[in-house]
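Trainee: I would like to learn how to read a model feature by feature. Please start with a helix and go on from there.

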Amino acid sequence: MRLLAVAAVLLASSALAKPVVLTNGLIVDGSGDAPYSGWLAMDGDRITGIGKGAAPASVTGGASVTDVKGQAISPGFVNMLSWATESLLIDGRAQSDIRQGVTLEIMGEGNSMGPLNPEMKRLSALRQDDIKYPISWTTLGEYLATLEKKGIAPNVASFVGHTTVRVHEVGESDVDPTPAQLARMQALVRAAMNEGALGLGTSMIYAPAAYAETPELVALAKASAACGGMYISHMRSEGDRIEAAVDELITIARESGGPAEIWHMKMSGRKNWGKFDTILGKIEAARASGIRITANMYNYTAGATGLDAAMPLWVQSGGLERWIERLKDPALRARVKAEMMDENADWENLAKRAGNPENVLLLGFKNPALKPLTGKTLGEVSRMRGTSPEDTAIDLVIEDGSRVGTAYFLMDEANVKRQTALPWMSFGSDAGAPSAEGVFLLSQDHPRAYGNVARLLGKYVREEKTATLQDAVRRLSHLPVTNMGIKERGLLKPGYFADVVVFDPATITDHATFAKPAQYATGVSSVWVNGVQVLKGGEPTGAAAGRALKGPGTGKCPA
């Protein structure tokens with residue numbers, strides 16, 4: 001509470017502070033233009049000036065002047081896929097991201113923090129794991145306002161989740177909505193857009209989202225697009241059926257009339273690594289036809305999700321509790337196990353795409369008795385228990401009472417490198433924004449939570465030279481906010497909000513590994529959010545400067 005009180009004072013007093021001038025910096029302004037030596041001025045929550053060479057006396061007079069000694073000055077970075085939904089409720093500092101220069105967290109991959117009905121609130125509370133919190137809100141807008149009131153370092157914004165809207169009206173079973181239910185789902189989307197949602201987000205490999213058919217998605221995407229929203233999707237397949245999944249996304253964009261983006265684009269599974277050019281061709285053809293298709297990615301060869309992504313969809317119908325009940329039935333368990341072993345199953349089996357159980361890393365358990373298994377592979381635990389990998393996975397879900405957090409090694413490093421160079425590719429961690437302390441150490445994170453941006457700027461830009469510094473910064477800032485219709489951010493430009501990062505392109509480095517993920521990146525020295533310094537000398541200030549940002553349909557979407 002004391003920290004929040006101090007943060008509130010800092011934020012309230014920011015308007016009384018002196019103007020800030022950064023001098024002797026390498027200006028990388030977010031436009032993609034060549035960097036230049038220059039200065040930047042901020043006053044209140046806005047950028048007030050920028051220029052080449054030395055700052056004039058008319059700018060520095062009466063200001064707080066900092067010589068950044070040749071470091072880069074850039075717009076704040078956007079995490080295009082953030083799961084800081086829960087971590088920010090516990091620790092608003094968002095240290096893993098703020099220390100990388102992230103000033104905006106984008107949420108809503110399929111599941112969003114609203115709209116909720118009473119049963120959804122009950123189940124959400126029941127299913128909480130290490131991070132526990134009261135659910136005091138009902139709508140997505142109320143959740144974002146809760147974060148803002150609590151006090152957070154970064155800005156936040158969210159898509160409304162298709163899964164959330166679907167569960168609100170039809171529950172978690174494999175059923176189609178009636179026309180009346182679909183109309184209510186559309187109304188929920190419009191209401192969320194009015195509250196500030198950026199568009200509609202889907203996660204199509206998971207139950208219950210996977211039960212939705214394309215016309216349902218088109219109908220909801222139309223409701224979003226009518227309010228200026230984007231359709232953004234974890235597609236129905238990223239592996240064996242990725243071609244059809246991309247076709248579906250393009251169809252939804254075309255029929256809804258809005259833009260679309262692929263969340264964490266990848267080709268999963270060795271046999272699918274060669275599909276890169278085919279998928280690229282489909283996207284480029286759609287873009288050439290006038291359909292606005294973009295994508296984002298994380299800069300690693302492993303994804304992270306749960307053991308639900310290793311089991312058939314039918315067994316998960318009805319939600320977590322029904323899934324576990326079915327796994328306890330010997331006959332159903334045998335059927336599940338057989339389908340988990342089937343190379344040609346018609347669902348996205350990430351355990352099979354990983355190749356073998358040594359490529360399936362166990363990250364998070366709810367049951368304290370299983371915590372010692374954290375960081376072991378499914379193969380290791382299978383050998384420890386003397387059971388098959390399939391039986392082990394089933395047993396772990398039953399014993400833990402959760403989906404069990406899991407990393408799957410799926411992607412080709414050569415494809416990752418190629419993707420970092422694509423001009424329409426932005427970047428998202430697909431992770432929370434934890435601190436390397438306290439409750440966040442009870443489970444293990446994917447290293448992307450601590451290093452996604454720094455890995456891009458260090459490994460791929462500086463070392464691999466897959467992109468120029470100015471283009472990488474453009475795709476970390478101006479590209480994503482433009483795609484989402486967020487105004488006056490993403491550029492170093494007078495009149496724009498002062499979300500500003502100072503970092504050293506020669507030293508910025510990610511340190512997080514799969515063995516030791518809770519290691520902060522280095523190389524970012526200072527971060528301002530809305531003109532308030534939240535990182536100074538590489539350490540958080542405790543200032544709660546973040547705001548809930550709104551999409552283009554806010555207050556304008558027809559009821």
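Predicted model: local features only at pLDDT ≥ 70, side-chain atom pairs only at ≥ 80, totals over all residues.

**Reading the features**

Mentor: In helix α12 (residues 320-327), the buried residues are L320, W323, I324, R326 and L327. They span an arc of only 160° around the axis, so they lie on the same side of α12. Here buried means under 20% relative accessible area, exposed over 50% and partly exposed in between (1.4 Å probe, protein chains only). The arc is taken from the directions from the helix axis to the C-beta atoms. Helices (H or I, at least four residues) and strands (E, at least two) are DSSP runs, numbered from the N terminus.

Before we go on, residues are numbered from 1 along each chain as its sequence is written.

Trainee: What do the buried residues of α12 pack against?

Mentor: Their partners are α5, α13 (330-340) and α16 (389-400), with contact meaning heavy atoms within 4.5 Å.

Trainee: Now the strands. What is the order of the open sheet of 6 strands?

Mentor: It runs β9-β10-β11-β12-β13-β17, with parallel pairing. Two strands pair if DSSP finds at least two bridges between them. At the edges stand β9 (160-161) and β17 (425-427), each with a single partner strand, so one side of each has no neighbour in the sheet. Further in, 3 bridges pair β11 with strand β12 (residues 260-262) in the parallel sense, and Y231 has A260 of β12 as its bridge partner.

Trainee: And where can I see antiparallel pairing?

Mentor: Look at strand β19 (residues 524-529). Strand β18 (residues 500-503) runs antiparallel to β19, with 4 bridges joining them. On the β20 side, another antiparallel pairing joins β19 to strand β20 (residues 532-536) by 4 bridges. Follow W528 across: V500 stands opposite W528, and Q533 is the bridge partner of W528 in β20. As for burial, 6 of the 6 residues of β19 are buried. The hairpin of β19 and β20 has 2 residues between the strands, and N530 there takes a positive phi near 50°.

Trainee: How should I read that positive phi?

Mentor: Most residues other than glycine have a negative phi, and most peptide bonds are trans. The exceptions are therefore what to look for in the backbone. K69, which is not a glycine, has a positive phi of about 55°; K69 is in the loop between β4 (64-67) and β5 (72-75) and is exposed, at 66% relative accessible area. K465 also has a positive phi, near 55°. K465 sits in the loop between α18 (448-463) and α19 (469-476), exposed with a relative accessible area of 64%.

Trainee: How many disulfides does the structure hold?

Mentor: A disulfide is a covalent bond between the sulfur atoms of two cysteines. The cut-off used is a pair of cysteine sulfur atoms within 2.5 Å. The structure holds 1 disulfide, from C227 to C557, with S to S 1.7 Å. C227 lies in the loop between α9 (214-225) and β11 (230-234) and C557 in the segment after β21 (539-540), so the pair ties together parts 330 residues apart in sequence. C227 and C557 are buried.

Trainee: Last topic, please: aromatic rings.

Mentor: A pair of aromatic rings is described by the distance of the centres and the angle of the planes. Rings of Phe, Tyr and Trp (its six-membered ring) pair if their centres lie within 6.5 Å; planes under 30 degrees apart count as stacked, over 60 as edge-to-face and the rest as tilted. The whole structure has 6 aromatic pairs. Among them is the stacked pair of Y133 and W137, 6.3 Å centre to centre with 10° between the planes. Y133 and W137 are buried, and ring pairs link Y133, W137 and Y143 into a cluster.

Trainee: Which charged residues lie over the ring of F497?

Mentor: R46 lies over its face, 3.7 Å from the ring centre, and the charged end of R489 sits over the ring of F497 at 3.9 Å from the centre. The criterion is NZ of Lys or CZ of Arg within 6 Å of the ring centre and within 35 degrees of the ring normal.

Methods:
Heavy atoms only, no water.
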